[in-house]
Amino acid sequence: MTNLDIFLRDRAPADLSRLILTAASTSMQVRRALPFTTKLTRGVNPSGERQAEIDVYANELFASSLLATGLVSEVASEEMAEPRRGRGKVHVAMDPLDGSSNIATNNPLGSIFGFYSSALPCSGDNLVASAFVTYGPMLTLTFTTGEGVHTFVNVEGQEGNPFILMEESASIPEKAEVFGLGGDRRDWIEPVETFVASLEARGLKLRYGGTFVGDFNQVLRRGGIFGYPALKNKPRGKLRVLYEAAPMAFITKHAGGYASDGSRDVLSIVPSALAETAPLYLGTAGLVKEVESLIRGA
Ligand code: AFP
């Protein structure tokens, strides 16, 4: 059994290792708090979405634990209008609790982190690492520092660091089995409607639970495509570039897949605002390139 701290020691720079270990240990506190933080608050986040108690709680825990390392220059979050400043070098952008509208229905939830080498907002080309936590039947941490995509599972009560290696150097299967696209199907742009009809004709299974992280795990393991497309009434989609799309695109790239906004690589997008959104299609490279050329050709 390989513990997370031992694994990172040989494979990642000390500062990134420390930040990934901090996100992992803090996620255990978030998981323990889930049963007690299921309600909505009166607050709204900078994207105008109602904040659940767990959004606010997770945001506070992750922001303060990451800043306490002394390695962080700023922490920007889906739940905060302005970043919090630190005295370190790494720029962190996070979605502290992804899928909070799923907590009441006890569906998978997540936390997403992007570790950037440049001041925010900036493009995903400046990512040096990214990670996501899945609060599902198991508590898992999946990350890359640019050398493969690795998943660790939380095992309480055992020797050393409580995160144990579950899968090393994952790669997204070329043979696609599943698809999941968000938004109301009536609002999908025409090329997306055509694309999904062809996936169904090829026998791919629909897997969409309403939490990006949970749905992405399906694609990572079984091959296929996840997306939150451009909608007729929302041409820029819903998912935030800095906090959600770019960090997951970085993991997709290092698992041999591809991520597009319909016209270009998501990692090349230079957002002009912290909470800027973009359409997103990611997963098996061949499939994503297919929908990209349909959209470009439209
Ligand atoms: P919440 O955090 O508000 O639950 O939103 C989750 C999310 O950002 C992402 O995880 C999902 O893929 C997507 O939104 C679900 O959006 P729809 O509810 O419009 O399908």
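This is a predicted model: local features need pLDDT of at least 70, side-chain atom pairs count only at pLDDT 80 or more; totals for chains, interfaces and linings use all residues.
Visitor: What does the side chain of S77 contact at 2.7 Å?

Guide: There the side chain of S77 makes a polar contact with the side chain of N59, at 2.7 Å.

Visitor: And where is S77 placed, in terms of strands?

Guide: S77 belongs to strand β3, which covers residues 72-77.

Visitor: Is S77 buried or exposed?

Guide: S77 is buried, because its relative accessible area is 1%, and the cut-off for calling a residue buried is under 20%.

Visitor: Changing topic to the ligand: how many residues surround it, and which are the closest?

Guide: The ligand is surrounded by 14 residues, and the closest of them are D98, S101, Y208, F212 and Y228. Sorted by class, this shell holds five nonpolar, five polar and four charged residues.

Visitor: What lies 2.6 Å from an oxygen atom of the ligand?

Guide: That is an N or O atom in the side chain of S101, found 2.6 Å from an oxygen atom of the ligand.

Visitor: Which backbone atoms lie 3.0 Å or 3.3 Å from a ligand oxygen?

Guide: A backbone N or O atom of G99 lies 3.0 Å from an oxygen atom of the ligand, and for S100 a backbone N or O atom lies 3.3 Å from an oxygen atom of the ligand.

Visitor: How much of the ligand's accessible area does the protein cover?

Guide: On its own the ligand has 480 Å² of accessible area, of which the protein covers 82%.

Visitor: Which pocket does the ligand take up?

Guide: The ligand takes up the space of the largest pocket.

How values were computed. Residues are numbered from 1 along each chain as its sequence is written. Side-chain values use heavy atoms; hydrogens and water are left out. A residue is near a molecule or strand if one of its heavy atoms lies within 4 Å of it. A polar contact is a pair of N or O atoms within 3.5 Å; within protein, one must be able to donate a hydrogen and the other to accept it, and residues adjacent in sequence count only if both atoms are side-chain atoms. Accessible areas come from the Shrake-Rupley method with a 1.4 Å probe; for residues, only the protein chains shown count as cover. On a 1 Å grid over the protein atoms alone, a cavity is a set of points where a 1.4 Å probe fits but cannot get out, and a pocket is an open set with protein on both sides within 12 Å along at least five of seven lines; lining residues have an atom within 4 Å of a point. A molecule sits in a cavity or pocket if more than half of its atoms lie within 2 Å of its grid points. Ala, Val, Leu, Ile, Met, Phe, Trp, Tyr, Cys and Pro count as nonpolar, Asp, Glu, Lys and Arg as charged, and the others, Gly among them, as polar. Helices (H or I, at least four residues) and strands (E, at least two) are DSSP runs, numbered from the N terminus. Buried means under 20% relative accessible area, exposed over 50%, partly exposed in between (1.4 Å probe, protein chains only).
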